[in-house]
Amino acid sequence: MKIENWQDVDEHLVVDNDKAIIVKDSKLLDNPEALKTEMQRSGEPVREVRSKLVQKSVKSRVKTDPIKISGWFDRKHESDNAQKAEKLVSNKPTHQYKQIKNEMTFFGESFLEGFLGFYGLEVDNALGRYEHNLHVLETQELGSSEKEYYLAQVKSGELKQVTKSLPNREIAEEELNKFYQRDPEETQAEQIQLRTSEDDRKEK
C-alpha cells in the first residue's frame, strides 16, 4: 500500500493496487491492519477516490465574498438580490447557506438558487485552477520511512507525474517555484508542451 500526500490537501490517500481510501487521521497510517480492513470494507477505484479527495479539499478552501455575490446578481440584473447579498455576515459558504436558510423569509428562494449557482461556479473555478497547476506530491510505501517527492498534476482523479523522484520536499518546492517564475507570460500547459517538444527533439 502506498500513501499519497498532495500539497495543500490535509487528508491522505492510501492506494492499494486499483483501490484507494481517504484517511483523515494520520495516526491510522501507523496501523496497517486497520488500513487493510478499511480498504476491504470501503475501498473504491483510485481515480474516483483521488478526485473526491481533491474536490473535498478545494471545496473546504473556497470563500464566497458577499461583494462578489452581489456583483453576480447585478450582472444578472437582479438588484434586489444584489442588495440582499450585502446582508451576508460571513465569507464561508456553509455559514452563508445556514444564514440564508434561517432567514428564508428575507432572502427568498430565488436568492438561494442564485447563491448555489454562484457557489457551484466558484468551486468549479477553484478545482480547475488546482487541476491545472503543478503540486508537490509526497509518496511513501506503507511501513517504510522513505519518502519520494515529485511535481505532479491531478486531473479528474488521474495522476500525472511531471518530474522524476526529487531528493526531498525542499528541493521539490524549489523546483516548483522555479517552474512558475521562469516566464510568467507562459501558461503552465504551454511550458509542459515546450518541455515535451524539446525532449522529443533530443531523442530524435
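Where in the chain is the place of H77? H77 sits in the loop between α3 (66–75) and α4 (79–85). The model is predicted. The protein has 8 helices and 7 strands. Of its 204 residues, 38% are buried. Among contacts between residues at least 6 apart in sequence, 52% join residues at least 24 apart.

**The sheet**

- The 7 strands form an open sheet with antiparallel pairing. Their order is β4-β3-β2-β1-β5-β6-β7.
- The edges belong to β4 (44–45) and β7 (158–161). Each has a single partner strand, so one side of each lacks a neighbour in the sheet.
- Helix α7 (residues 169–181) packs on the sheet and touches β5 and β6. The direction of α7 makes about 155 degrees with that of β5.

**Strand β1 and its partners**

- Strand β1 spans residues 2–6 and is mostly covered. Of its 5 residues, 4 are buried.
- Strand β2 (residues 12–16) runs antiparallel to β1, and 3 bridges join the two. E4 stands opposite L13 in β2.
- The hairpin of β1 and β2 has 5 residues between the strands. In this hairpin, D8 takes a positive phi near 65 degrees.
- β1 also runs antiparallel to β5, with 5 bridges joining them. K2 has E141 in β5 as its bridge partner.

**H135 in β5**

- H135 lies in strand β5, which covers residues 135–141.
- Is H135 buried or exposed? H135 counts as buried, because its relative accessibility is 5%, below the 20% cut-off.
- The H135 side chain reaches the backbone oxygen of N133 at 3.5 Å.
- Leaving out residues up to four places away in sequence, H135 touches W6, Q7, Y130, Y150, L151, A152 and L176.
- One of these contacts, W6, falls within β1, which spans residues 2–6. Another, L176, falls within α7, which spans residues 169–181.

**The β6–β7 end of the sheet**

- Strand β6 (residues 147–155) runs antiparallel to β7, and 4 bridges join them. K155 stands opposite E158 in β7.
- S156 is found in the loop between β6 and β7. S156 has a positive phi of about 50 degrees, although it is not a glycine.
- S156 counts as partly exposed, because its relative accessibility is 43%.
- S51 is in helix α2. At 15% relative accessibility, S51 counts as buried.
- Setting aside neighbours within four places in sequence, S51 is in contact with S156 and G157.

**Helix packing on α6**

- Two packed helices are described by the angle between their axes and the distance between the axes.
- Helix α2 (residues 46–61) and helix α6 (residues 104–132) pack at an angle of about 120 degrees. Their axes are 9 Å apart.
- α2 and α6 are therefore oblique to each other. Their crossing is right-handed.
- Which residues of α2 and α6 meet? From α2 come V54, Q55, V58 and K59. From α6 come Y119, V123, A126, L127 and Y130.
- Y130, one of the α6 residues that meet α2, also touches H135.
- α3 and α6 pack at an angle of about 110 degrees, with their axes 10 Å apart. That makes α3 roughly perpendicular to α6.
- The crossing of α3 and α6 is right-handed.
- On the α3 side, K68, I69, W72 and F73 take part. They meet S110, F111, G114, F115, G117, F118, L121 and E122 in α6.

**Positive phi in loops**

- Most residues other than glycine have a negative phi.
- H77 has a positive phi of about 60 degrees although it is not a glycine.
- H77 counts as exposed, because its relative accessibility is 74%, over the 50% cut-off.
- S156, in the loop between β6 and β7, also has a positive phi, of about 50 degrees.

Methods:
Residues are numbered from 1 along each chain as its sequence is written. This is a predicted model: local features need pLDDT of at least 70, side-chain atom pairs count only at pLDDT 80 or more; totals for chains, interfaces and linings use all residues. Side-chain values use heavy atoms; hydrogens and water are left out. Buried means under 20% relative accessible area, exposed over 50%, partly exposed in between (1.4 Å probe, protein chains only). A polar contact is a pair of N or O atoms within 3.5 Å; within protein, one must be able to donate a hydrogen and the other to accept it, and residues adjacent in sequence count only if both atoms are side-chain atoms. Contact means heavy atoms within 4.5 Å. Two strands pair if DSSP finds at least two bridges between them. Axes are lines fitted to C-alpha atoms, for helices over the stretch in contact, and angles run from 0 to 180 degrees between N-to-C directions. Angles under 35 degrees count as roughly parallel, over 145 as roughly antiparallel, 65 to 115 as roughly perpendicular and the rest as oblique. A crossing is left-handed if the near helix is turned anticlockwise from the far one by less than a right angle, and right-handed if clockwise.
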